[in-house]
Amino acid sequence: MEQRKRQSEMRRGCLVGCVAAVLLWAVASAQLRYSISEEVKEGTIVGNIARDLGLDKNTLKDRKYRIVSSNDDPLFYVNPNDGVLYVSRKIDREEVCVQSSACVINVKTVLENPLEVHYVEVEVLDVNDHSPTFSENSATLEISESVLPGTRFQLKAARDRDSGQFSVQRYIISNNEHFRLEVKDKRDDVKIPILVVQKSLDRETARSHSLIVTALDGGKPPKSGNMNILVNILDINDNAPIFSKDVYSVTLNENVQVGTPIIQVNATDLDDGPNGDVVYSFSNSMNQNILSIIDINSLTGQLTVKGLIDYEEQDGYEIEIQASDRGLAPLTTEKSVNIKIIDVNDNAPEIEVTSFSSSIPEDSRPGTTVALISVNDLDSGLNGKVICSVNEDVPFILSTSLKDKMFSLVTKSSLDREKQSQYELTITAKDAGQPQLSSEKTISVAVSDVNDNRPEFSLSPYTFYVTEGNNPGASVFSVKASDRDENDNARISYHIIRDGSEDNKVTSFLNINNDNGDVLALKSFDFETLKTFQFQVVASDSGTPSLSNNVTVNVFILDQNDNAPVILYPHSSNGSTQGVEEIPRNVNAGHLVTKVRAYDADIGYNGWLLFSLQEVTDHSLFALDRYTGQIRTLRSFTETDEAEHKLVILVKDNGNVSLSATATVIVKLVEPKEAFAASDVKSAAKDDEDSNVIFYLMITLGAVSVLFLVSIIVLIVMQCSKSTDYTSKYLPETNYDGTLCHSIQYRSGEKRYMLVGPRMSIGSTIVPGSHANTLVLPDRRRASEER
């Protein structure tokens, strides 16, 4: 019983399995169909495959539902999560199905584990996205004007990539009265346009017809494509030539050259080709005499002069012209041409200069006659009436004379040779004929010079700088003048004004080259004697009367280092400069032993003195100030120090080539009592001498004040003009504080002096003969300084 029950259950299971297999096979082989329009956007939903197949989302995900495609860029894709079919890219039906009437795309989808295949058909519906097009944008037809109405001409059909109702449905033609369209249907829905002549054609009325054939599809609204058709009408000879004018008349001047065109007749033929080609010829009734002087071009209808045209022989001609076409049966038309001969102005005026002055002084008054002009014309009447003129941009004018056809050339305004020395005058004579004839004659008028310009110096005033010590007789500088006149009026000579005054004495040592203005110094200048001077130079031309001009010349003498330093103390004796100083042995460090005094006749750096020790017995005892020349003790003396010391001092200036002098000072150490006694004797002698020189000092102070001010100005100007390189050249010492001004005080006899360089102190007085380098100072000695 149980076995029978078990067999029954097994049979029931097999039946269920067979039913399930059949159902699965039915599902696996089921096919879905969707439709979608072309040109839809990417991502558009095509259909829900899972829902239509009855598959849930879990099954899709677990069994990896997907599309099987061999195309690298498939048209569709399916979402494995929900089974929705999407468009993966834009679909062009015409590209996918290529003119097929029905466009169906098969999509193969699969489920794995177990494998199930489902086919999906997607129909792509056509949209009207293409316009009809002709294979050619334009076409040309040639139709004879003799064709009859109803003649038919087949045109090329238009094509449309769309299908069905969106393909070409009809044709239309642009509005015209000569042609219409018919449509011929062929298989595969191809429609061919037929052009039909509905009205007679006339090439002379319209040589061609421009038509537009338009193809329309069945869209709403319809799309269209155009083709331009040019219909050329072929000609037949049905028109005779026609002249452009009813009457041809022309005037011709006598004496025209052979080949001169007279007139061109023009005839046109409405026909085309040989039927419209026109040729010209004289009529058979023409006089042979006319044929010898006038010719016609058979192609252009141009009449030209063939022989001599003379008004006196015949004043006019009537010529018969005929025009014919080149048709098989030529058509001809005749026309008359009237030619009137007129007299012409064929003689130009002739100009003759009867009297002429080729040169005129520049100081001539306005109205001065330069030339007489005679004009003649062989023509008569207006053709022989002459008008004479001269170019307007010149200071000359033509004035009429009492005699007919005579003119005078006179000056119109003042002349200036320096502005323009030559004039090219063009005299023009014109008659009153038509056309007007004229002739020209050019004459050259030179403007001669008069002495009306003074010499002009290139500078005023001149300023020159001359270095002292120049070579006598050599040129030191030069002045230059120019004169706008010419020849002798511009030949310049130079000379120096010598008035014999005290301020002009220096001119006696100067000489000037009369021809070129070079100034020569007859002696050598000495800056220490003369620092600046002024004189005047006169430049005179050689005209009559002579004109002259003068200029002031300022000369500044530049200092040279030509004076060596002079030792004032110690005093020179027997060719050597040596002094003896006695000082107490008990003096302290810094005691002023003595002061070497010197001066230099030069100025500036050339007169700036520096002192240095060349020789000393003991370097630890004495020191020398390089700027003042003071000798001081460096320490106190001891019992072991020698009683006598020799110091050799070198004094040099700061010139380019430094000059120097030496002095020797003997320092003797004495006991204090002996030193005080010697000091008292010297003090008494000096007091007596000082009282005698006060009067002379006051006179000297007033006399040199003016010279002092001038020297100060000259020194400031010269020092300001020196460069910083010059300064550094003459002050190389490292311990120099950068100041160019210093003073050195010294005595000469009972007088006290101060040497300054390069700038002097305010309130100082220049001593006579010091050359602006040495100043006299009030005596302000104190007892301590005397000791």
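Modeller: The following account treats the peptide bonds and then the phi angles. The model is predicted, so local features need pLDDT of at least 70 and side-chain atom pairs count only at pLDDT 80 or more, while totals for chains, interfaces and linings use all residues. Residues are numbered from 1 along each chain as its sequence is written, and side-chain values use heavy atoms, with hydrogens and water left out.

Most peptide bonds are trans, and most residues other than glycine have a negative phi. A cis peptide bond, however, links Ser460 to Pro461, with omega at about -5°. Pro461 belongs to the loop between strand 32 (456–457) and strand 33 (462–467). Here helices (H or I, at least four residues) and strands (E, at least two) are DSSP runs, numbered from the N terminus. Another cis bond runs from Thr544 to Pro545, where omega is near -5°. Pro545 sits in the loop between strand 39 (532–541) and strand 40 (548–558).

Turning to phi, Lys64 is not a glycine, yet its phi is positive, at about 55°. This lysine, Lys64, is in the loop between helix 3 (57–62) and strand 3 (66–68). Lys64 is exposed, its relative accessible area being 53%; buried means under 20% relative accessible area, exposed over 50%, and partly exposed in between (1.4 Å probe, protein chains only). Asn113, also a residue other than glycine, has a positive phi near 55°. The loop that holds Asn113 lies between strand 6 (104–111) and strand 7 (116–125). With 65% relative accessibility, Asn113 counts as exposed.
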